Each structure stands twice: as structure tokens, then as C-alpha cells.
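Visitor: Could you walk me through this model, with the cut-offs behind each term?
Guide: Gladly, here it is.

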Amino acid sequence: MTFDDITENGKLWAVRFNGESENELSKLFAKWNDADWLRSFFIENIDDLSSYFKITDITQAVKDTIEDSDELECVLLDLSPEADLSMFFRPLSNSETSDVMLQKEKARLKRRLRHSSWLRLYAIKLVSGVYIITGGAIKLTATMQEREHTRNELTKLEKVHRYLLEENITDDIGFMEYLND
């Protein structure tokens with residue numbers, strides 16, 4: 001597993017799993033901007049889309065996803081060096097409030113006009129303001145455990161979390177030392 005510096009200032013990283021040519025963030029944005037992939041996804045998950053978001057128009061869901069993806073990408077990549085990513089990320093569990101070592105977190109856009117954004121980024125927080133993206137998903141259900149594609153994201157989060165602990169990385173300083181070795 002390797003890590004790509006997304007913002008080139010050491011604040012936002014993305015994991016690249018062994019054997020992969022792209023990091024998880026690049027793969028996500030490619031999928032979220034692929035109308036054919038999105039159409040297939042929403043056809044397969046139409047029951048969740050219609051029951052949770054009350055949307056049955058797949059073409060509109062595809063358009064909304066591409067718009068959200070573009071906005072999310074702009075938010076992440078157009079950050080000024082002094083921007084605080086901790087304003088964007090939140091603990092993965094809504095009931096979690098305390099700061100824990102290598103906390104699992106999520107990020108999403110604020111409310112949209114028609115509906116809440118279903119796009120999610122998942123990350124490990126090294127320290128406040130420094131994150132490693134482990135993946136993301138189109139979340140159409142109340143919990144991640146309800147669908148295989150979101151359960152896979154939980155698995156990736158845990159895999160990166162375990163890897164960091166095995167490498168004795170517990171914060172941004174340990175992470176930078178690891179990268180420089």
C-alpha cells in the first residue's frame with residue numbers, strides 16, 4: 001500500500017492499494033463522472049434510490065451525481081494552504097464525538113437544492129486537518145452495513161487503519177517518518 005499526496009501540502013492523501021495503478025480518490029472521481037457506470041449503478045440500486053431519496057428518474061440521479069462529484073472535487077483540490085479540512089470531515093459514526101487516534105471519518109457536501117448528496121468520502125484522520133482517503137461510495141441507505149458496496153468501504157477503512165497501526169503510525173509525524181524511510 002502506498003499513499004499519494006493529493007493537495008501537495010501534506011494535508012490530504014489517498015491510499016493506493018497494492019496492484020492498483022490509481023489511488024482511491026482518482027478511481028472514485030472517474031466512476032462518479034462516468035454516465036454509463038452511474039446509470040448501471042442506479043438501475044441496480046433503484047429501490048434504495050426511490051425509497052430513501054424518493055427519486056425514480058435515473059437520468060436525474062446521474063446528472064446530480066456528476067454535479068456533486070465536480071463540486072466535491074473542486075472543494076478538495078482548490079483548497080488554499082491554510083484551509084482546514086477538519087471542517088469538511090466528520091467522525092464516521094454519527095454518535096462519535098471524541099477525538100480518537102486514527103479516527104475513521106467521512107465527508108460529504110452540504111445540502112443540495114433537491115436532496116442531500118449521496119456521495120461520501122471515507123478517510124483516516126492522522127491529526128486534525130490531515131487525512132488519508134481510503135475510498136468512497138454512493139450511499140443510498142441509512143447505514144453502511146445494509147449494502148455490499150458500502151460494506152466494502154468499511155473493510156477498506158479498517159484495512160488502512162490496521163496497516164497504519166502495524167507500521168506504528170499514529171499521527172502525521174509518524175506518517176511523514178514512514179514516507180521518508
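Visitor: Which side chain makes a polar contact with the side chain of His115?
Guide: A polar contact is a pair of N or O atoms within 3.5 Å; within protein, one must be able to donate a hydrogen and the other to accept it, and residues adjacent in sequence count only if both atoms are side-chain atoms. This is a predicted model, where local features need pLDDT of at least 70 and side-chain atom pairs count only at pLDDT 80 or more, while totals for chains, interfaces and linings use all residues. Side-chain values use heavy atoms, leaving out hydrogens and water, and residues are numbered from 1 along each chain as its sequence is written. At 2.7 Å, the partner of the His115 side chain is that of Asp64.

Visitor: Is His115 buried or exposed?
Guide: His115 sits in the loop between strand S4 (103–107) and strand S5 (119–127); strands (E, at least two residues) and helices (H or I, at least four) are DSSP runs, numbered from the N terminus. Buried means under 20% relative accessible area, exposed over 50%, and partly exposed in between, with a 1.4 Å probe and protein chains only. With a relative accessible area of 8%, His115 is buried.

Visitor: Which residues does His115 touch, not counting those up to four places away in sequence?
Guide: Contact here means heavy atoms within 4.5 Å. By that criterion, His115 touches Phe53, Ile55 and Asp64.

Visitor: Which helices do the buried residues of H3 pack against?
Guide: In helix H3 (residues 46–53), the buried residues are Asp48, Leu49 and Phe53. They fall within an arc of 100 degrees seen down the axis, so they line one face of H3; the arc is that of the directions from the helix axis to the C-beta atoms. Their packing partners are helix H2 (35–44) and helix H4 (58–77).

Visitor: Is H1 roughly parallel or antiparallel to H4?
Guide: Axes are lines fitted to C-alpha atoms, for helices over the stretch in contact, and angles run from 0 to 180 degrees between N-to-C directions. Under 35 degrees counts as roughly parallel, over 145 as roughly antiparallel, 65 to 115 as roughly perpendicular and the rest as oblique. The axes of helix H1 (residues 24–32) and H4 come within 9 Å and cross at roughly 150 degrees. That makes the pair roughly antiparallel.

Visitor: What is the phi of Asn168?
Guide: Asn168 lies in the loop between helix H5 (148–166) and helix H6 (172–180), and it is exposed at 65% relative accessibility. Although Asn168 is not a glycine, its phi is positive, at about 60 degrees.
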